[in-house]
Amino acid sequence: MGGRPSSPLDKRQQQHLRGQVDALLRNFLPQYRGHLAASILRQISQELGPQEPAGCQLLHSKKLPRVREHRGPLTQLWGHPPQWQQIFCVLRGDGRLEWFSHREEYENGGRPLGSTALTGYTILTSQREYLHLLDALCPDSSGDHTQEEPDPLLEMPVNFPLFLQHPFRRHLCFSAATGEAQRSWRLALQGGIRLRGTVLQRSQAPAALAFLEAVRLYRQHQGHFGHDDVTLGSDAEVLTTVLMRELLPALRAQTLPRLRGAGRARAWAWTELLDAVHAVVLAGASAGLRAFQPEKDELLAALERTIRPDVDQMLRLRARLAGRLRAEIQGPLESCLHRKVDVQLPRITQTLRNTVEAALAAVQTLLAQGMDRLCLHLRGKPSGMRLRKEVYSFGEMPWDPELMQICYREAERSRGRLRQLVAPFGFLGSRSLVFGAQDLAQQLMADAVATFLQLADQCLTTALDCNQAAQQLEKVRGRVLKKFQSDSGSAQRRFIRRWQICIFLPFVLSQLEPSCKLELPEFEGDVLAVGSPALTIEGIYEDVIRGILLQRIDRELKKALGASDVSCALDGCSEAPWDQEGADEETEAQRETCSRQPGSCTEVQPLCPLSPPGTLRS
C-alpha cells in the first residue's frame, strides 16, 4: 500500500488541467446563460398564471437540512508508507469530515491533519469487499499479490472498518474500536454524504434549476442521454465530476503503465494520482464559477427586467410553435412510447411507489410514537427539566440518524429491483433517487414536528392541568397525522412523477434524436425573431416531448393510486416550458398564497417549547 505515483503532477500537467477546465467552462457557460433565461421565463409565467392554494397542510419547517455533529476517536490508515494511527474525527453539521492528531488538538482549536467534503463518497464496512474493490481498480494487473510489498491492510485485519471510497479521490480508511461505534459513524457519515450530494436537487431557485438543466443538455450534446449521479454535489463539484469522467480514459492509458508497485499498492497509488487531478480540476471549476457569479447576478436582474414586459408575447409564440412541433413529431413519438415505454411504465410506477410509500409510512409510525411519548410524559406530571428534555428530543427527531435510519432503510429496499427495471432506459441515477426519497422522508418529518409543536404551543394554557393538557395534545396529534397523510400522498405523487421523467425523458430524446431533431432548423427563424435567449427551438421541442410523456405518466399514476385528481400540480401539464423535473414543486408565489389559507404550509420561525402549565411556563 506504500506505492506512490512515479511522477506527481508538475506545473506543466497542472497547467494542462487548468486549460481543460477553461475549455469546459467556455462550452458550458453559454448553455447555462440560456437556461437561466428559460428559468426566469418559467418563474414569471408561473407567477402570472392562475394561483390556486397549494395543497400542503403541514407547516414548513424553517430549519435548514443538516447532519448532527458527530465526533470521537478512530484509527486511520495514512502517511507514506501508510500506517494505522490513532486520530480524533469530527463530522461537521455541513457534512464536512475533519481529523486531528488527538482530542485536545480539536478542543484547543488546532488545525486538522486533514479534512474533506463527503460529496460522492461511498461507505464500505467490509475489509474483504474493500480489498476486492482495490483489486478491480487496476484490471490490467496480474492479480498475483504474493510479490507485493507489505500491506498494512493485510498485516492487521480490521475488526470494525469504515472505508470511504470515491471514484476520483483518495480513499479514506478508518477503523472504530467497537461495532457500536462503527454503526454510529456509518449512519452519521451516510447522512453527511447525502446532505452534500443533494444540495442542488433540494433547491428550487431558478439558478439551481437552470444549472441542472444546462448540465443535462451539455452531456446530452456529448451523447450521454441517460440520467445518472453526475449531478450530486455543488455546482463546482458537479462540473468537476463531468470533466473527470471525460479525462479518465486518457488518464488510465497514459499514467497507469507508469505507476510503481503492483496489485493493491498500484491501486492505492492510482487513487492518490486521481485525487491530485481532482483537486486541480475542482479548484479551477470553483474559481471559474466564482468569476462568473457577478455576471450571473447581473444577468438574472436584466432577464427579469426584459422578459417580464414581453412574457405574454413569448408564451403565445411558444404555444404556436409547440403546436406545430407536436404535429410534426406526434407519430414517431407515440410509436416510441407505445413500443418502448408503455410496457414498463406500470412496473416502474409500482416500484417507485413502493420505495417512497414504505419510507413515508415509517416516518408516520415514528411521528405517532414520538407524539405518544410526549402525551404519556405529560400525564405523568414530569418536572419542567424532564419535559424540556423530551420536547427537545422530539424536535430533533428529523436529524437523529439512528431513529431516521428506519425510514432511510425502507427507501433502499427496492433499489436492486428498480435498477433492473430502468437499465434498458439508460438510467444510472439510482443513488440520486434513493437520496431523494430519504430527503423527502426527512423533510416531511421536520414539517410534521414543526406543525405539532406550533399547534401544541397555541392550545396549551396555564389554565390546564397536566391531564387536560395531555388531552389537548392528543387532539393535536390527530390533526397532525391527518395533515401528514394528506401531504404524504401529494409528496408521493410528485416524487413518482419527477423520477419517471428522469427515467424516460432522456431515453425518449435519444430514440427520437436521429429523425425528429432534423426538423428543428425550419422553426429557428420564428424563435430568432423574438431575440430572447429564454426561447429556443430545442427547449420547446423537449417541452413538447415532456408534455406528451407526462400525460402518459399521469394516466398511469391515476390508475395506480386510484385517484380521480392525482394532484392539483398535475393539471394543465401539457408542453408548458416549466414542465420538467420538479415542475410541480411550489413556487414562492404559491407559498405566499398558501400561507394565507387556514391550515396551509406556512413558513414558521423556530418554535417555542411545548409549555404545559406549571412546567415550562413557570
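How many bridges pair strand S3 with S4, and in which sense do they run? Strand S3, residues 96-100, pairs with S4 over four bridges in the antiparallel sense. One of the partners in S4 is Ser-115, which sits across from Glu-98.

Hello everyone, and a quick word on what we are looking at. This is a predicted model, where local features need pLDDT of at least 70 and side-chain atom pairs count only at pLDDT 80 or more, while totals for chains, interfaces and linings use all residues. Residues are numbered from 1 along each chain as its sequence is written, and side-chain values use heavy atoms, with hydrogens and water left out.

Let's stay with the sheet for a moment. Strands of a sheet pair through backbone hydrogen bonds, either parallel or antiparallel. Here, two strands pair if DSSP finds at least two bridges between them. Strands are DSSP runs of E with at least two residues, helices are runs of H or I with at least four, and both are numbered from the N terminus. Our sheet is open, with seven strands in the order S4-S3-S2-S1-S7-S6-S5 and antiparallel pairing. At its edges are S4 (114-117) and S5 (122-124), each pairing on one side only.

Now to a helix. H13 covers residues 430-459, which is 30 residues, and spans 44 Å from its first C-alpha to its last, close to the 44 Å expected at 1.5 Å a residue. That expected span is 1.5 Å times one less than the number of residues. Of the 30 residues of H13, 25 are buried, so this helix is largely enclosed by the rest of the structure. Buried means under 20% relative accessible area, exposed means over 50%, and partly exposed is in between, using a 1.4 Å probe and protein chains only.

Next, salt bridges: a side-chain nitrogen of Lys or Arg within 4 Å of a carboxyl oxygen of Asp or Glu. The count by this rule is 34. Take Arg-33 and Glu-295, whose closest N and O atoms are 2.6 Å apart. They link distant parts of the chain, Arg-33 in H1 (residues 11-48) and Glu-295 in H8 (residues 263-341), 262 residues apart. Arg-33 is partly exposed at 28%, and Glu-295 is partly exposed at 35%.

Another salt bridge joins Glu-396 and Arg-66, at 2.9 Å from N to O. Glu-396 is buried, at 9%, whereas Arg-66 is partly exposed, at 27%.

What about Glu-213 and Arg-546, buried or exposed? Both are buried, and their salt bridge has its closest N and O atoms 3.9 Å apart. Glu-213 lies in H6 (206-221) and Arg-546 in H16 (537-561), so the pair ties together parts that are 333 residues apart in sequence. These two belong to a network of salt bridges that also includes Arg-216, Arg-318, Glu-542 and Asp-543.

Finally, the nonpolar side. In soluble globular proteins, nonpolar side chains tend to be buried together. A nonpolar core here is a set of buried Ala, Val, Leu, Ile, Met, Phe, Trp, Tyr and Cys residues joined through side-chain atoms within 4.5 Å. The largest core has 150 residues, and Tyr-32 and Leu-367 touch the most other members. H8 supplies the largest share of this core, 25 residues. Leaving aside neighbours within four places in sequence, the contacts of Tyr-32 (heavy atoms within 4.5 Å) include Phe-211, Phe-292 and Lys-296. Apart from that core lies another, of 22 residues, among them Leu-91 and Phe-174.
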